[in-house]
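Dear colleague,

Here is the structure you are taking over. My notes on a few of its residues follow below.

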Amino acid sequence: MINIIGIGQNRENMTLGALNALKESDVIVGYEKYIDSISDIVEGKEIIKKGMGDEVKRVEMAIEKNFEGKTVSIVSSGDPGVFGMANVFFPLISKYDNIDVKVYPGVSALNYSASLLGAPLHDFAAISLSDLLTPLAEIENKLHHALLSNLIIAIYNPISKSRKEPFRLFKKLVLEIRGEDTLIGIVNSETYPSKVKVVKIQDLDEDKINMSTTLIVGNKMTYNEGSYMITPRGYVIKYQLHPMTIDFYQKFINGETPTGPNTECEFYPCHEEGQYCDFCYCPFYPCGDSSTGGKWIKNKNIWNCKDCMWIHKKENIDCVKPHIADMIKEPKDLVKNKKELLKLRRACILKDPKHY
């Protein structure tokens, strides 16, 4: 039996299955750094340590020991199926007959990093910037399309002493496609507890990044809340309609509300000069999404839109307004159709209103 074992990012997040498989093994094969981190668990067993770059040799030696009738565990950091030893092992398995193999998943670098950052993941891609085995053009193509599609991106192997070009290409593409305010979560697992930081892409310093770093690239809706990096999914927050909201939307449905900057309003400008007032009362309230500037008043259960200008900008009104008539036939539809309204809002933020 050959076990391919993911030991996660540190001892605390190893699975019980992985731990038991290691205890039941006769031979442990792996990169010396990973084996040293679990030396007490594998004490008394036959240990085969190899350096970085000897991955294929590790697999061949594990198979050789397996044919001697021994139970062998190949150790991989993180998850063995995410840029790990499972990816090395299985392309070689067709060379042999009668090999029993079991993969024990581990906590990958992206999951570990996300847990320290809060809740940065939504739909995501994992991309390695190592061009040792992958053409740089392929890496660029993957980055380009992942960035365009608004995926969260977990970046593995971002930089090394001899490999700077892929990282610089990555930074250039993020700046060009998503902009200088794109949030980047930085997790360095070299030390425990790991160092964690969130910066904007324009402030990402290559001198502070190494091979033990995982980067989480936020999408257009990712925001900071204190020390956390959050990508909202758009869950509906139930709220009772205010009487003034009901009155406004009854007039809106009847075509009796102003368009553009309502300079005759006694409260104009309630946000900033030049604001559009077509939606004096936001149809998405409360969205619960701080990516556009709103926030909760702590311990009051009140959503504060004071710093959100999103619904008062012409380009956003032009996106929202054509679809609202089909969704709001009467004021209570603001509650009834809240989920669809939030999907419309998200589509307009991402500039894809045809597919809300």
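S73 is buried, with a relative accessible area of 0%. Please bear in mind that the model is predicted. S73 belongs to strand β4, which covers residues 72-76. Its side chain makes a polar contact of 2.5 Å with the side chain of S25, and another of 3.3 Å with that of N3. Apart from neighbours within four places in sequence, S73 is in contact with N3, I5, A21, L22, S25, V27, I28 and V29.

Next, the charged pairs. Side chains of opposite charge can pair when their charged atoms come close. Over the whole structure, the search finds 21 salt bridges. Three of them are described here.

K49 and D36 form a salt bridge through their side chains, at 2.6 Å from N to O. K49 is in strand β3 (residues 46-50) and D36 is in helix α2 (residues 32-37), so this pair ties together parts that are 13 residues apart in sequence. K49 has a relative accessibility of 42% and counts as partly exposed. D36 is also partly exposed, at 42%.

The salt bridge between E55 and R58 has its closest N and O atoms 3.7 Å apart. Both residues are in helix α3 (residues 55-67), three residues apart, which is about one turn of the helix. Are the two partners buried or partly exposed? E55 is partly exposed, since its relative accessibility is 22%, whereas R58 is buried at 2%.

In the pair E225 and K298, the closest N and O atoms of the salt bridge are 3.8 Å apart. E225 sits in strand β12 (residues 223-225), and K298 in the loop between β14 (295-297) and β15 (302-304), so the pair ties together parts that are 73 residues apart in sequence. E225 is partly exposed, with a relative accessible area of 33%, while K298 is exposed, at 62%.

L241 is partly exposed, with a relative accessible area of 25%. Which residues does L241 touch, not counting those up to four places away in sequence? They are I246, P331, K332, L334 and V335. From L241 to P331 is 90 residues in sequence, and their C-alpha atoms are 8.6 Å apart in space.

Regards

Conventions
Residues numbered from 1 in each chain as written. Predicted model: local features only at pLDDT ≥ 70, side-chain atom pairs only at ≥ 80, totals over all residues. Heavy atoms only, no water. Buried < 20%, exposed > 50% of the residue type's maximum accessible area, 1.4 Å probe, protein only. Contact = heavy atoms within 4.5 Å. Helix = DSSP H or I, 4+ residues; strand = E, 2+ residues; numbered from the N terminus. Polar contact = N/O pair within 3.5 Å; in protein donor to acceptor, adjacent residues only side chain to side chain. Salt bridge = Lys/Arg side-chain N within 4 Å of Asp/Glu carboxyl O.
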